[in-house]
Amino acid sequence: MVAAEISVTSRPRRMVAEHTWIRRRTNQAAIVNHGGGTAPLVGRRPIVLTIHDLQYLTHPEYLTPNKRRYLERAIPRSVRRSAVVAVPTDYVRTTVIDAYGTDPDRVVVVPHGVEASLGATAPSEVDLRATYGLGDGRFIVYPAITHPHKNHRFLLELMARHWTDPDLRLVLPGGRGAAEAEVVADIARLGLERRVIRPGRVPDADRDGLVAHADALVFPSEYEGFGAPAVEAMALGTPVVCSDQPALAAVVGDAGLVLPLELDAWADALDAVADRSDELRAAGRGRADAFTMERSGAALASAYELALQVGR
């Protein structure tokens, strides 16, 4: 493994590196896998292109104009250059095929996998409650950056209207996104400062522990290409309540509560989770067995084999 000594936080620098540093070092490679949804204009083939989602098609309003224009040009071009397109779910596969007229035989599902060691180093519930000021009551968790499509504001309205137990805590780990100002304003407007815990980015072990010890992982996202936190929660034995967005619905299946994004539909969700806790925890663990690293790796290896055949 060779790590590039470049900044990956700067898109222009990364694009330059793709055309220079990466190109030189992949000249002799049998396959080049670009994992960010786009491929450079030049470089060795065959290419395996990994597309995690196509949110820019369904929710263009959540992207800056420059980013949207870039993706509108770069992704279709990258798909055409690729021997194989790898996607995380059937939902994204269908979207790719429909959007770009891609040969269905060249678009393959490579689901994400969960490490078997997930949660192994998580702190105890007692320590987490003390560290994050969770009190002694129930708590639920939603680990996500405050991007608009993550729909944090939906949960805040639920906390104010329906989930009114004064001891209930909603924990929102994650960085600041484009909807940060609106989320902060809603917390103040709805008087939720004491009941909503916002620790920002937390260590992986703490995040895993918060999910593992929560009464539920709540996931009201408007758009996902996969929904890794839902799978991780199921693997950790935590009940999942999620939106009926297609990818999430397919990933969670009947192992969690999959609900339309309507406040009334979610009003009694936590009571349902409490009533079915053992059932949902067992179903979630069984469902998570379909998303192992071994299965993910085998699917990716098959994508590489297909790329070699197509590229001959």
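Modeller: Two strands pair if DSSP finds at least two bridges between them; strands are DSSP runs of E of at least two residues and helices runs of H or I of at least four, numbered from the N terminus. This is a predicted model, in which local features need pLDDT of at least 70, side-chain atom pairs count only at pLDDT 80 or more, and totals for chains, interfaces and linings use all residues. Residues are numbered from 1 along each chain as its sequence is written, and side-chain values use heavy atoms, with hydrogens and water left out.

Biologist: How many bridges join β5 to β8?

Modeller: Two, and the strands run parallel. I140 stands opposite A216 in β8. β8 also pairs with strand β9 (residues 240-243), again in the parallel sense, over three bridges. There the partner of V218 is V241.

Biologist: Which residues point each way from β8, and are they buried or exposed?

Modeller: Buried means under 20% relative accessible area, exposed over 50%, and partly exposed in between, with a 1.4 Å probe and protein chains only. A216 and V218 point one way and L217 and F219 the other, and all are buried.

Biologist: What does V218 touch?

Modeller: Contact means heavy atoms within 4.5 Å. Leaving aside neighbours within four places in sequence, V218 is in contact with I140, V141, Y142, L155, W163, L170, V241 and W266.

Biologist: How is a nonpolar core defined?

Modeller: It is a set of buried Ala, Val, Leu, Ile, Met, Phe, Trp, Tyr and Cys residues joined through side-chain atoms within 4.5 Å. The largest one here has 56 residues, and W163, L170, V218, V241 and W266 have the most contacts inside it. Helix α7 (residues 152-161) gives the largest share, five residues. A second, separate core of 19 residues includes A39, I47, I51 and L63.

Biologist: And at what angle do the axes of α6 and α9 cross?

Modeller: Axes are lines fitted to C-alpha atoms, for helices over the stretch in contact, and angles run from 0 to 180 degrees between N-to-C directions. The axes of α6 (residues 125-132) and α9 (residues 204-213) come within 10 Å and cross at roughly 110°. That makes α6 roughly perpendicular to α9, a class that covers 65 to 115 degrees, with under 35 roughly parallel, over 145 roughly antiparallel and the rest oblique. E125, L128 and Y132 of α6 meet D206, G209, L210 and H213 of α9.
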